[in-house]
Amino acid sequence: MNTSEFISLLGEHQDKPLLFEYAPGMLVGANYHITEVKHVTIDSVDCGAGTDSWKETIIQLWESPNELGKRDYLSSYKALGILRKVGTMTAYEMDAPVKIEYGNAMFHTAHLHITGFNVNDEQLIVKLAVNPTDCKAKELCGVPETASVEANSCAPGSGCC
């Protein structure tokens, strides 16, 4: 989901609490806050010496230890207000993918991709998932597209790195 789609989704469901499902059946606590919005430009070089560049919008969620047991989730309306305020300070790249940065004591901090959402009468639930790492130079490394990369396949001397 890109930034424009995410902002539109919040706008369409302003009357609903905003929940994030970071793993199947696991929700970010109602005590979460949006603590940072990052406009990120990535310039990368892969293991085959290929270069790439793209932008991302990263929204950081943090669970306040002072609000444990809180039952009411942040509303989509309030989240939209936060994102709109950020947009007046630093312009969004509206086509940039949105990632949610989140972690807790039971789940490593990660940049999670939005894989979908559910809307019911009571809530907007944004579904998140971790994207696994991948070799972007499979042809150069001799890795078939359908095969998974073995632990040492991109080791020094393999012709990949």
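Predicted model: local features only at pLDDT ≥ 70, side-chain atom pairs only at ≥ 80, totals over all residues.
**Exercise 1. Classify Cys 135 and Cys 47 by their relative accessible area.**

Solution. Step 1: the classes are buried (under 20% relative accessible area), exposed (over 50%) and partly exposed (in between), computed with a 1.4 Å probe on protein chains only. Step 2: Cys 135, with a relative accessible area of 8%, is buried, whereas Cys 47, with 25%, is partly exposed.

**Exercise 2. Describe the surroundings of Tyr 102.**

Solution. Step 1: Tyr 102 lies in strand β5, residues 98-104, where strands (E, at least two residues) and helices (H or I, at least four) are DSSP runs numbered from the N terminus. Step 2: its relative accessible area is 0%, so Tyr 102 is buried. Step 3: with contact meaning heavy atoms within 4.5 Å, and residues up to four places away in sequence not counted, Tyr 102 touches several residues, including Tyr 22, Val 28, Phe 107 and Leu 112. Step 4: Leu 61 and Glu 63 are also among the residues that Tyr 102 touches; the C-alpha atom of Leu 61, 41 residues apart along the chain, is separated from that of Tyr 102 by 5.4 Å, and the side chain of Glu 63 is joined to that of Tyr 102 by a polar contact of 2.6 Å.

A polar contact is a pair of N or O atoms within 3.5 Å; within protein, one must be able to donate a hydrogen and the other to accept it, and residues adjacent in sequence count only if both atoms are side-chain atoms.

**Exercise 3. Give the strand order of the sheet and identify its edges.**

Solution. Step 1: two strands pair if DSSP finds at least two bridges between them. Step 2: the open sheet of 7 strands runs β2-β1-β7-β6-β5-β4-β3, with mixed pairing. Step 3: β2 (26-27) and β3 (32-45) are the edge strands, each pairing on one side only. Step 4: β1 and β2 run antiparallel and are joined by 2 bridges.

Technical notes: Residues numbered from 1 in each chain as written. Heavy atoms only, no water.
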